Structures are given as structure tokens and as C-alpha cells.
Amino acid sequence: MILLCNGDSWTGGDNPSQEYKFYDSNVWPKVLGKELGWETWNCGRLGASNDRIIRTTINSVEYLESLGKKDLFVVLGLTSLTRFSRVIHKHNRLIFDDVH
């Protein structure tokens with residue numbers, strides 16, 4: 001079983017996010033995964049909007065399924081409604097940017 005968690009800084013922890021890695025702090029996905037004995041993926045990121053949380057959760061599920069991992073348990077920690085994403089043109093490509 002894989003525990004896939006996503007959210008803002010309450011999920012991601014107190015350090016800059018690195019792709020699917022935990023930090024030294026005992027954020028709730030790390031503690032929950034350890035208690036359950038499950039492989040845990042933490043997609044949380046500081047300042048994430050609900051748009052980003054939903055979008056990256058869908059992408060993460062698709063990625064894990066492409067690896068043949070189909071037994072997933074997903075937990076989301078949604079954030080404030082005042083956070084939203086916008087699309088901006090940067091370095092000759094369109095990217096999503098979270099705004100507060």
C-alpha cells in the first residue's frame with residue numbers, strides 16, 4: 001500500500017520542497033506512513049494553492065500508476081480559499097504560479 005499525501009506547508013513541512021522527499025521535521029505524512037508501515041509519498045509544498053494541490057495529486061496518481069503501483073491511499077490537506085494559481089509566461093513557456 002502507498003500513502004500519497006498532498007497539501008501546503010502543514011503537509012510539506014518547514015523546508016523548501018524537494019521532489020517527493022521528507023525533511024528532518026516530523027510532518028504528519030511521515031508520522032502516519034511510519035505508523036501504518038506504508039511506503040509514503042509527500043507532495044506537499046509551502047504556499048500551495050488548492051488548484052495546485054488537486055493538479056499535482058492527479059499527476060502523482062498517474063505517475064505512480066504508470067510505475068505499476070495501483071494500491072494507493074490518498075490524503076489531501078486543502079488550504080485557504082485565498083490562495084489560487086495563475087498561468088504566467090516565463091522563460092518561453094507557460095507555468096503555474098501560486099498567488100496569495
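Some ground rules. Residues are numbered from 1 along each chain as its sequence is written, and side-chain values use heavy atoms, with hydrogens and water left out. Because the model is predicted, local features need pLDDT of at least 70 and side-chain atom pairs count only at pLDDT 80 or more, while totals for chains, interfaces and linings use all residues.

Start with strand 1, residues 2-7. Strands are DSSP runs of E, at least two residues; helices are runs of H or I, at least four; both are numbered from the N terminus. Six of the six residues in strand 1 are buried. Buried means under 20% relative accessible area, exposed over 50%, partly exposed in between, with a 1.4 Å probe and protein chains only.

In a regular strand, side chains alternate between the two faces of the sheet. Here, Ile-2, Leu-4 and Asn-6 point one way. Leu-3, Cys-5 and Gly-7 point the other way.

Now the neighbours. Strands pair if DSSP finds at least two bridges between them. Strand 1 runs parallel to strand 2, residues 39-42, with four bridges. Cys-5 sits opposite Asn-42 there. Six bridges join strand 1 to strand 3, residues 72-77, also parallel. Leu-4 partners Val-74 in strand 3.

Cys-5 is buried, at 0% relative accessibility. Cys-43 is buried too, at 8%.
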